[in-house]
Amino acid sequence: MTRVHDMGGRFGEGRITPEAEGAPVFSTDWHARALAVTLACGALGQWNIDGSRHARERLSAADYTRLSYYEKWMAALANLLVEQGVLREEDLAQPFATEETPALPQHPLAARCLHPEAVAQVLAAGGPAVRDSQVAPQFRPGDRVRTRRPANTLVNGGHTRLPAYAGCAEGQVLRLHGSHVFPDSNAHDRGEAPEPLYAVSFAAQSLWAHAEHPRDEVVLDLWQSYLEPA
Amino acid sequence: MPHDTSDPQQPPHSHLPSDPSLRVKALETILTRKGLIDPAALDEIIDTYENRIGPQNGARVVARAWADAAFRTALLEDADPVLAQMGFNGRQGEHVVVVENTPERHNMVVCTLCSCYPWPLLGIPPGWYKSDAYRARAVREPRKVLSEFGVALPEGTAVRVWDSTAEVRYLVLPMRPAGTDHWSEDQLMRLVSRDSMIGTALARRPDTGGVAGQEGAE
(Lines give C-alpha, C1' and ligand atoms only; values in the text may rest on other atoms or scores of the structure.)
Protein backbone atom coordinates (compact mmCIF):
# COMPACT_ATOMS: atom_id res chain seq x y z
CA MET A 1 0.00 0.00 0.00
CA THR A 2 1.01 3.58 -0.49
CA ARG A 3 -0.28 6.78 1.12
CA VAL A 4 -2.90 9.45 0.62
CA HIS A 5 -0.74 11.44 -1.82
CA ASP A 6 -1.03 8.55 -4.29
CA MET A 7 -4.32 9.69 -5.82
CA GLY A 8 -4.11 8.72 -9.50
CA GLY A 9 -7.47 7.32 -10.62
CA ARG A 10 -9.22 8.12 -7.35
CA PHE A 11 -12.96 8.79 -7.53
CA GLY A 12 -14.77 11.59 -5.72
CA GLU A 13 -13.04 14.64 -7.16
CA GLY A 14 -14.99 17.44 -8.79
CA ARG A 15 -14.47 19.56 -11.87
CA ILE A 16 -11.18 21.24 -12.59
CA THR A 17 -11.27 25.01 -12.57
CA PRO A 18 -8.29 26.31 -14.53
CA GLU A 19 -6.84 29.70 -13.66
CA ALA A 20 -6.37 32.09 -16.60
CA GLU A 21 -3.03 31.83 -18.38
CA GLY A 22 -1.96 35.26 -17.25
CA ALA A 23 -2.83 34.74 -13.57
CA PRO A 24 -0.05 35.65 -11.09
CA VAL A 25 2.57 32.92 -10.55
CA PHE A 26 1.93 33.16 -6.80
CA SER A 27 -1.62 33.98 -5.82
CA THR A 28 -0.45 35.39 -2.50
CA ASP A 29 2.87 36.56 -1.03
CA TRP A 30 3.30 33.73 1.45
CA HIS A 31 3.12 31.14 -1.34
CA ALA A 32 6.16 32.78 -2.91
CA ARG A 33 8.00 32.94 0.43
CA ALA A 34 7.13 29.28 1.14
CA LEU A 35 8.60 28.16 -2.17
CA ALA A 36 11.70 30.29 -1.74
CA VAL A 37 12.34 29.22 1.88
CA THR A 38 12.04 25.58 0.81
CA LEU A 39 14.52 26.01 -2.05
CA ALA A 40 16.93 27.98 0.13
CA CYS A 41 16.82 25.28 2.84
CA GLY A 42 17.47 22.61 0.22
CA ALA A 43 20.74 24.38 -0.51
CA LEU A 44 21.91 23.54 3.04
CA GLY A 45 22.41 20.00 1.72
CA GLN A 46 20.82 18.14 4.62
CA TRP A 47 18.41 16.08 2.50
CA ASN A 48 17.82 15.09 -1.12
CA ILE A 49 14.78 15.60 -3.35
CA ASP A 50 13.44 12.11 -2.66
CA GLY A 51 13.63 12.67 1.10
CA SER A 52 11.91 16.00 0.63
CA ARG A 53 9.05 14.43 -1.38
CA HIS A 54 8.75 11.68 1.19
CA ALA A 55 8.53 14.28 3.98
CA ARG A 56 5.37 15.69 2.33
CA GLU A 57 3.93 12.21 1.82
CA ARG A 58 4.61 11.32 5.45
CA LEU A 59 2.32 14.04 6.73
CA SER A 60 -0.64 12.37 8.39
CA ALA A 61 -3.50 11.65 6.01
CA ALA A 62 -5.58 14.21 7.89
CA ASP A 63 -2.89 16.91 7.52
CA TYR A 64 -2.20 16.04 3.88
CA THR A 65 -5.88 16.46 3.09
CA ARG A 66 -6.48 19.51 5.28
CA LEU A 67 -3.44 21.57 4.30
CA SER A 68 -3.20 23.52 1.06
CA TYR A 69 -0.30 22.93 -1.33
CA TYR A 70 2.27 25.33 0.14
CA GLU A 71 1.10 24.59 3.69
CA LYS A 72 2.14 20.99 3.03
CA TRP A 73 5.53 22.28 1.87
CA MET A 74 5.95 24.29 5.08
CA ALA A 75 4.83 21.43 7.34
CA ALA A 76 7.18 18.97 5.66
CA LEU A 77 10.04 21.48 5.74
CA ALA A 78 9.57 22.13 9.46
CA ASN A 79 9.57 18.37 10.12
CA LEU A 80 12.69 17.82 8.01
CA LEU A 81 14.58 20.66 9.69
CA VAL A 82 13.93 19.10 13.10
CA GLU A 83 14.44 15.47 12.03
CA GLN A 84 17.78 16.32 10.42
CA GLY A 85 18.91 18.23 13.49
CA VAL A 86 19.08 21.63 11.78
CA LEU A 87 16.51 23.18 14.15
CA ARG A 88 15.06 22.10 17.51
CA GLU A 89 11.34 21.85 18.14
CA GLU A 90 11.54 24.86 20.48
CA ASP A 91 12.98 26.95 17.62
CA LEU A 92 9.69 26.53 15.77
CA ALA A 93 7.76 27.99 18.68
CA GLN A 94 10.06 31.04 18.97
CA PRO A 95 8.24 34.35 19.15
CA PHE A 96 8.99 36.69 16.30
CA ALA A 97 12.14 38.72 16.66
CA THR A 98 11.85 42.43 17.33
CA GLU A 99 14.42 45.23 17.33
CA GLU A 100 15.21 44.35 20.95
CA THR A 101 15.63 40.60 20.42
CA PRO A 102 19.24 39.63 21.03
CA ALA A 103 21.02 38.20 18.01
CA LEU A 104 21.39 34.42 17.87
CA PRO A 105 24.75 32.72 17.40
CA GLN A 106 25.33 31.69 13.80
CA HIS A 107 24.35 28.09 13.05
CA PRO A 108 27.17 25.65 12.14
CA LEU A 109 25.55 25.30 8.72
CA ALA A 110 25.48 29.07 8.13
CA ALA A 111 28.52 28.71 5.85
CA ARG A 112 26.21 26.89 3.41
CA CYS A 113 23.60 29.67 3.40
CA LEU A 114 22.39 30.46 -0.12
CA HIS A 115 23.15 34.09 -0.99
CA PRO A 116 21.51 36.05 -3.80
CA GLU A 117 24.56 36.08 -6.06
CA ALA A 118 24.56 32.24 -6.12
CA VAL A 119 20.84 31.78 -6.83
CA ALA A 120 21.01 31.85 -10.64
CA GLN A 121 23.83 29.31 -10.72
CA VAL A 122 22.14 26.98 -8.22
CA LEU A 123 18.83 27.02 -10.11
CA ALA A 124 20.56 26.52 -13.46
CA ALA A 125 22.60 23.59 -12.15
CA GLY A 126 19.58 21.80 -10.69
CA GLY A 127 20.07 18.26 -9.49
CA PRO A 128 20.57 15.79 -12.34
CA ALA A 129 19.46 12.24 -11.49
CA VAL A 130 21.33 10.32 -14.20
CA ARG A 131 24.22 8.21 -12.90
CA ASP A 132 26.59 5.52 -14.06
CA SER A 133 25.28 2.20 -12.84
CA GLN A 134 26.47 -1.37 -12.37
CA VAL A 135 22.93 -2.57 -13.09
CA ALA A 136 22.58 -3.67 -16.71
CA PRO A 137 19.28 -2.90 -18.46
CA GLN A 138 17.10 -5.99 -18.40
CA PHE A 139 14.52 -4.68 -20.89
CA ARG A 140 14.46 -3.05 -24.29
CA PRO A 141 11.85 -0.86 -26.00
CA GLY A 142 9.02 -3.10 -27.17
CA ASP A 143 9.40 -5.62 -24.34
CA ARG A 144 6.28 -6.58 -22.37
CA VAL A 145 6.66 -6.06 -18.63
CA ARG A 146 4.57 -6.46 -15.50
CA THR A 147 4.76 -4.12 -12.50
CA ARG A 148 5.07 -5.51 -9.01
CA ARG A 149 2.88 -4.62 -6.04
CA PRO A 150 3.40 -0.94 -5.15
CA ALA A 151 5.51 -0.89 -1.98
CA ASN A 152 9.02 0.06 -0.97
CA THR A 153 10.91 -3.24 -0.76
CA LEU A 154 13.73 -1.81 1.39
CA VAL A 155 11.76 0.07 4.05
CA ASN A 156 8.31 -1.06 5.12
CA GLY A 157 5.94 1.83 4.45
CA GLY A 158 8.71 3.78 2.74
CA HIS A 159 8.80 6.04 -0.30
CA THR A 160 8.08 4.64 -3.74
CA ARG A 161 7.25 6.12 -7.13
CA LEU A 162 5.15 3.23 -8.38
CA PRO A 163 1.58 4.55 -8.02
CA ALA A 164 -1.08 2.19 -6.71
CA TYR A 165 -3.15 2.39 -9.90
CA ALA A 166 -0.25 1.01 -11.97
CA GLY A 167 0.63 -1.89 -9.67
CA CYS A 168 0.42 -5.50 -10.92
CA ALA A 169 -0.31 -4.26 -14.45
CA GLU A 170 1.08 -5.32 -17.80
CA GLY A 171 2.56 -2.79 -20.19
CA GLN A 172 5.18 -2.23 -22.86
CA VAL A 173 8.56 -0.53 -22.60
CA LEU A 174 8.60 2.61 -24.76
CA ARG A 175 12.09 3.88 -24.01
CA LEU A 176 15.08 3.50 -21.72
CA HIS A 177 15.99 6.79 -19.99
CA GLY A 178 19.39 5.56 -18.78
CA SER A 179 20.21 4.87 -15.14
CA HIS A 180 18.63 7.17 -12.57
CA VAL A 181 18.93 7.55 -8.79
CA PHE A 182 16.48 5.11 -7.17
CA PRO A 183 14.05 7.07 -4.94
CA ASP A 184 13.04 4.03 -2.85
CA SER A 185 16.61 3.92 -1.54
CA ASN A 186 17.67 7.56 -1.76
CA ALA A 187 14.66 8.90 0.18
CA HIS A 188 15.80 6.86 3.17
CA ASP A 189 19.50 7.82 2.99
CA ARG A 190 20.36 4.30 1.88
CA GLY A 191 22.39 5.48 -1.08
CA GLU A 192 21.50 6.54 -4.62
CA ALA A 193 21.47 2.93 -5.89
CA PRO A 194 21.05 4.03 -9.54
CA GLU A 195 19.39 1.60 -11.91
CA PRO A 196 17.76 1.64 -15.36
CA LEU A 197 14.64 3.78 -15.69
CA TYR A 198 12.06 3.13 -18.41
CA ALA A 199 9.02 4.86 -19.84
CA VAL A 200 6.39 2.11 -19.81
CA SER A 201 3.06 2.39 -21.64
CA PHE A 202 -0.13 0.83 -20.33
CA ALA A 203 -3.37 0.54 -22.27
CA ALA A 204 -6.01 2.54 -20.40
CA GLN A 205 -8.17 -0.58 -20.63
CA SER A 206 -5.59 -2.55 -18.64
CA LEU A 207 -5.68 0.01 -15.81
CA TRP A 208 -9.33 1.03 -15.57
CA ALA A 209 -12.59 -0.88 -15.49
CA HIS A 210 -14.22 1.72 -17.73
CA ALA A 211 -11.58 3.29 -19.97
CA GLU A 212 -12.78 6.23 -22.05
CA HIS A 213 -11.37 5.03 -25.38
CA PRO A 214 -9.88 1.72 -26.56
CA ARG A 215 -6.69 3.33 -27.89
CA ASP A 216 -5.88 5.58 -24.94
CA GLU A 217 -2.72 4.92 -22.92
CA VAL A 218 -0.99 6.02 -19.74
CA VAL A 219 2.82 6.18 -19.66
CA LEU A 220 4.80 6.07 -16.40
CA ASP A 221 8.53 6.31 -15.71
CA LEU A 222 9.40 3.14 -13.79
CA TRP A 223 12.64 1.79 -12.35
CA GLN A 224 13.83 -1.69 -13.26
CA SER A 225 13.17 -2.92 -9.70
CA TYR A 226 9.46 -2.19 -10.22
CA LEU A 227 9.31 -4.48 -13.28
CA GLU A 228 9.45 -8.12 -14.22
CA PRO A 229 9.15 -9.75 -17.65
CA ALA A 230 5.53 -10.35 -18.69
CA MET B 1 13.12 -4.89 7.50
CA PRO B 2 13.24 -1.34 8.86
CA HIS B 3 9.89 0.33 9.19
CA ASP B 4 9.10 3.92 8.30
CA THR B 5 7.94 5.06 11.73
CA SER B 6 7.54 8.74 11.09
CA ASP B 7 3.92 9.29 12.04
CA PRO B 8 4.07 11.08 15.39
CA GLN B 9 0.93 12.45 16.94
CA GLN B 10 2.70 15.76 17.56
CA PRO B 11 4.87 16.35 14.49
CA PRO B 12 7.42 19.18 14.71
CA HIS B 13 5.34 21.36 12.38
CA SER B 14 2.55 21.47 14.98
CA HIS B 15 4.71 23.94 16.97
CA LEU B 16 4.37 26.55 14.23
CA PRO B 17 1.53 29.11 14.26
CA SER B 18 -1.63 27.80 12.59
CA ASP B 19 -2.13 30.74 10.22
CA PRO B 20 -0.28 29.83 7.00
CA SER B 21 1.28 33.23 6.38
CA LEU B 22 2.50 33.33 9.99
CA ARG B 23 3.90 29.81 9.68
CA VAL B 24 6.04 30.86 6.75
CA LYS B 25 7.03 34.05 8.53
CA ALA B 26 8.01 32.11 11.67
CA LEU B 27 10.20 29.69 9.72
CA GLU B 28 11.78 32.44 7.66
CA THR B 29 12.49 34.45 10.81
CA ILE B 30 14.18 31.72 12.83
CA LEU B 31 16.18 30.47 9.85
CA THR B 32 17.33 34.00 9.04
CA ARG B 33 18.29 34.73 12.65
CA LYS B 34 20.47 31.60 12.69
CA GLY B 35 22.16 32.60 9.43
CA LEU B 36 20.72 29.61 7.54
CA ILE B 37 18.85 31.57 4.90
CA ASP B 38 19.29 35.02 3.41
CA PRO B 39 16.05 36.95 2.73
CA ALA B 40 17.74 38.61 -0.26
CA ALA B 41 18.24 35.15 -1.79
CA LEU B 42 14.54 34.45 -1.29
CA ASP B 43 13.72 37.66 -3.15
CA GLU B 44 16.03 36.56 -5.95
CA ILE B 45 14.37 33.12 -6.21
CA ILE B 46 10.90 34.70 -6.31
CA ASP B 47 11.95 37.26 -8.91
CA THR B 48 13.39 34.46 -11.05
CA TYR B 49 10.11 32.53 -11.18
CA GLU B 50 7.85 35.58 -11.33
CA ASN B 51 9.72 37.41 -14.05
CA ARG B 52 12.44 35.42 -15.80
CA ILE B 53 11.48 31.73 -16.00
CA GLY B 54 8.00 30.92 -17.29
CA PRO B 55 5.95 29.58 -20.20
CA GLN B 56 7.58 32.07 -22.57
CA ASN B 57 10.62 29.73 -22.53
CA GLY B 58 8.59 26.71 -23.59
CA ALA B 59 6.73 28.79 -26.18
CA ARG B 60 10.08 29.80 -27.72
CA VAL B 61 11.04 26.12 -28.01
CA VAL B 62 7.71 25.15 -29.59
CA ALA B 63 7.72 28.06 -32.04
CA ARG B 64 11.26 27.22 -33.15
CA ALA B 65 10.30 23.56 -33.59
CA TRP B 66 7.39 24.63 -35.81
CA ALA B 67 9.59 26.96 -37.84
CA ASP B 68 12.77 24.87 -38.14
CA ALA B 69 12.52 21.20 -39.16
CA ALA B 70 16.11 20.33 -38.20
CA PHE B 71 15.62 21.87 -34.77
CA ARG B 72 12.39 19.92 -34.34
CA THR B 73 14.07 16.63 -35.24
CA ALA B 74 16.93 17.25 -32.81
CA LEU B 75 14.51 18.32 -30.06
CA LEU B 76 12.37 15.19 -30.37
CA GLU B 77 15.43 12.95 -30.62
CA ASP B 78 17.29 14.27 -27.55
CA ALA B 79 15.94 17.47 -25.99
CA ASP B 80 18.54 18.07 -23.27
CA PRO B 81 21.47 19.30 -25.40
CA VAL B 82 19.09 21.41 -27.50
CA LEU B 83 17.54 23.04 -24.42
CA ALA B 84 20.97 23.52 -22.81
CA GLN B 85 22.06 25.48 -25.85
CA MET B 86 19.05 27.78 -25.35
CA GLY B 87 19.81 28.12 -21.62
CA PHE B 88 16.54 26.38 -20.71
CA ASN B 89 17.79 23.60 -18.46
CA GLY B 90 18.14 23.55 -14.69
CA ARG B 91 16.17 22.78 -11.59
CA GLN B 92 13.15 20.53 -12.25
CA GLY B 93 14.11 20.31 -15.90
CA GLU B 94 17.34 18.37 -15.70
CA HIS B 95 16.06 15.63 -18.02
CA VAL B 96 13.42 16.64 -20.56
CA VAL B 97 11.55 14.62 -23.16
CA VAL B 98 9.45 16.47 -25.75
CA VAL B 99 6.39 14.57 -27.00
CA GLU B 100 4.70 15.56 -30.23
CA ASN B 101 0.98 15.83 -30.85
CA THR B 102 -0.25 14.48 -34.18
CA PRO B 103 -3.72 13.95 -35.68
CA GLU B 104 -3.42 10.35 -34.39
CA ARG B 105 -2.17 11.05 -30.86
CA HIS B 106 -2.71 13.76 -28.26
CA ASN B 107 -0.28 13.95 -25.32
CA MET B 108 -1.09 15.26 -21.86
CA VAL B 109 1.12 15.52 -18.75
CA VAL B 110 0.30 15.02 -15.07
CA CYS B 111 2.05 14.13 -11.83
CA THR B 112 -0.32 11.96 -9.81
CA LEU B 113 2.08 11.56 -6.85
CA CYS B 114 3.08 15.21 -6.32
CA SER B 115 3.47 18.13 -8.76
CA CYS B 116 6.43 17.38 -11.07
CA TYR B 117 6.53 19.93 -13.89
CA PRO B 118 9.21 21.29 -16.27
CA TRP B 119 10.14 24.47 -14.39
CA PRO B 120 12.81 25.85 -16.76
CA LEU B 121 10.32 25.68 -19.64
CA LEU B 122 6.99 26.49 -17.99
CA GLY B 123 7.85 28.03 -14.62
CA ILE B 124 5.98 27.16 -11.44
CA PRO B 125 2.90 25.01 -12.08
CA PRO B 126 -0.55 26.64 -11.90
CA GLY B 127 -2.91 25.71 -9.07
CA TRP B 128 -5.10 23.42 -11.17
CA TYR B 129 -2.11 21.27 -12.16
CA LYS B 130 -1.40 20.66 -8.46
CA SER B 131 -5.05 20.11 -7.54
CA ASP B 132 -6.32 16.77 -6.25
CA ALA B 133 -8.94 16.78 -9.01
CA TYR B 134 -6.39 16.99 -11.84
CA ARG B 135 -3.97 14.55 -10.22
CA ALA B 136 -6.73 12.01 -9.57
CA ARG B 137 -8.65 12.31 -12.83
CA ALA B 138 -6.12 13.02 -15.61
CA VAL B 139 -4.97 9.39 -15.81
CA ARG B 140 -8.43 7.80 -15.59
CA GLU B 141 -10.63 10.16 -17.60
CA PRO B 142 -8.37 12.46 -19.64
CA ARG B 143 -11.09 13.22 -22.20
CA LYS B 144 -13.51 14.39 -19.54
CA VAL B 145 -10.75 16.54 -18.07
CA LEU B 146 -9.99 17.96 -21.52
CA SER B 147 -13.66 18.81 -21.98
CA GLU B 148 -13.46 20.96 -18.83
CA PHE B 149 -10.67 22.88 -20.58
CA GLY B 150 -12.90 23.26 -23.63
CA VAL B 151 -11.03 20.67 -25.70
CA ALA B 152 -12.86 17.95 -27.65
CA LEU B 153 -10.63 15.55 -29.59
CA PRO B 154 -11.72 13.78 -32.77
CA GLU B 155 -12.69 10.12 -32.26
CA GLY B 156 -9.65 9.02 -34.26
CA THR B 157 -7.18 10.71 -31.91
CA ALA B 158 -5.78 8.53 -29.12
CA VAL B 159 -4.75 10.11 -25.83
CA ARG B 160 -1.43 9.31 -24.21
CA VAL B 161 -1.16 10.61 -20.64
CA TRP B 162 2.34 10.92 -19.19
CA ASP B 163 2.45 10.49 -15.40
CA SER B 164 5.72 12.16 -14.28
CA THR B 165 6.86 9.58 -11.74
CA ALA B 166 10.64 10.16 -12.06
CA GLU B 167 13.03 13.09 -12.68
CA VAL B 168 12.15 13.16 -16.37
CA ARG B 169 10.00 16.15 -17.29
CA TYR B 170 7.69 16.12 -20.29
CA LEU B 171 6.83 19.00 -22.62
CA VAL B 172 4.05 18.64 -25.18
CA LEU B 173 4.78 19.93 -28.68
CA PRO B 174 1.31 20.99 -29.84
CA MET B 175 0.26 20.79 -33.48
CA ARG B 176 1.01 23.91 -35.48
CA PRO B 177 -2.21 25.68 -36.38
CA ALA B 178 -3.14 25.84 -40.07
CA GLY B 179 -2.85 29.19 -41.81
CA THR B 180 0.51 30.12 -40.25
CA ASP B 181 2.78 29.13 -43.15
CA HIS B 182 4.84 32.28 -43.37
CA TRP B 183 4.73 33.32 -39.74
CA SER B 184 7.97 34.18 -37.99
CA GLU B 185 9.11 32.44 -34.80
CA ASP B 186 8.06 35.51 -32.77
CA GLN B 187 4.59 35.48 -34.32
CA LEU B 188 4.22 31.73 -33.77
CA MET B 189 5.19 32.08 -30.10
CA ARG B 190 2.02 34.05 -29.46
CA LEU B 191 -0.04 30.98 -30.43
CA VAL B 192 1.62 28.77 -27.82
CA SER B 193 -0.23 28.83 -24.51
CA ARG B 194 1.13 27.27 -21.32
CA ASP B 195 -1.74 24.79 -21.24
CA SER B 196 -1.02 23.67 -24.83
CA MET B 197 2.44 22.57 -23.63
CA ILE B 198 0.90 20.59 -20.75
CA GLY B 199 -1.60 19.09 -23.18
CA THR B 200 -4.80 20.51 -21.70
CA ALA B 201 -5.25 22.93 -24.62
CA LEU B 202 -4.50 23.12 -28.32
CA ALA B 203 -2.39 25.89 -29.78
CA ARG B 204 -4.26 29.15 -30.33
CA ARG B 205 -5.83 29.68 -33.74
CA PRO B 206 -4.22 32.34 -35.93
CA ASP B 207 -7.54 34.19 -36.29
CA THR B 208 -7.34 35.07 -32.59
CA GLY B 209 -4.06 36.80 -33.49
CA GLY B 210 -2.46 34.99 -30.59
CA VAL B 211 -4.19 37.28 -28.14
CA ALA B 212 -3.60 36.01 -24.61
CA GLY B 213 -6.67 34.49 -23.06
CA GLN B 214 -8.20 33.29 -26.31
CA GLU B 215 -7.47 29.63 -26.43
CA GLY B 216 -7.52 27.59 -29.58
CA ALA B 217 -9.76 24.89 -28.20
CA GLU B 218 -12.50 23.78 -30.55
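1. Strand β4 (residues 217-223) of chain A and strand β3 of chain B pair in the parallel sense over four bridges. Two strands are taken to pair if DSSP finds at least two bridges between them. Helices (H or I, at least four residues) and strands (E, at least two) are DSSP runs, numbered from the N terminus. Within this pairing, V161(B) in β3(B) is the bridge partner of V218(A).

2. The model is a predicted one, in which local features need pLDDT of at least 70 and side-chain atom pairs count only at pLDDT 80 or more, whereas totals for chains, interfaces and linings use all residues. Residues are numbered from 1 along each chain as its sequence is written, chains are lettered from A and ligands numbered from 1 in the order in which they are written, and side-chain values use heavy atoms, with hydrogens and water left out.

3. The pLDDT, the predictor's confidence in each residue from 0 to 100, averages 93 in chain B, and 94% of the residues score at least 70. Residues 212-218 of chain B have a pLDDT below 50, and this stretch has 18 contacts in the model beyond near neighbours in sequence. Contact means heavy atoms within 4.5 Å.

4. Strand β3(B) comprises residues 158-163, and six of the six are buried, so the strand is largely enclosed by the rest of the structure. Buried means under 20% relative accessible area, exposed over 50%, and partly exposed in between (1.4 Å probe, protein chains only). A158(B), R160(B) and W162(B) point one way, while V159(B), V161(B) and D163(B) point the other way. Strand β2 (residues 105-110) of chain B also runs parallel to β3(B), joined by six bridges; here H106(B) has V159(B) as its bridge partner.

5. What links R160(B) to E217(A)? The two form a salt bridge, with the closest N and O atoms 3.1 Å apart. This pair crosses between chains, from strand β3 of chain B to strand β4 of chain A. A salt bridge is a side-chain nitrogen of Lys or Arg within 4 Å of a carboxyl oxygen of Asp or Glu. R160(B) is buried, at 10% relative accessible area, and E217(A) counts as buried at 14%.

6. The contact between the chains takes 96 residues from chain B and 108 residues from chain A. The area buried between them is about 9100 Å², of which carbon and sulfur atoms give 61%; buried area is the accessible area (1.4 Å probe) that two parts lose on being put together, summed over both. Eight salt bridges are counted between chain B and chain A. One of them joins R33(A) to D43(B), with the closest N and O atoms 2.7 Å apart.

7. Over all chains the structure holds 29 salt bridges. Within chain A, E83(A) pairs with R58(A), the closest N and O atoms being 3.0 Å apart. E83(A) lies in helix α4 (residues 69-83) and R58(A) in the loop between α2 (49-57) and α3 (61-66), 25 residues apart. E83(A) is partly exposed, at 41% relative accessible area, whereas R58(A) is buried, at 14%.

8. Three bridges join β1(A) to the antiparallel strand β2 (residues 170-180) of chain A, where R146(A) stands opposite E170(A).
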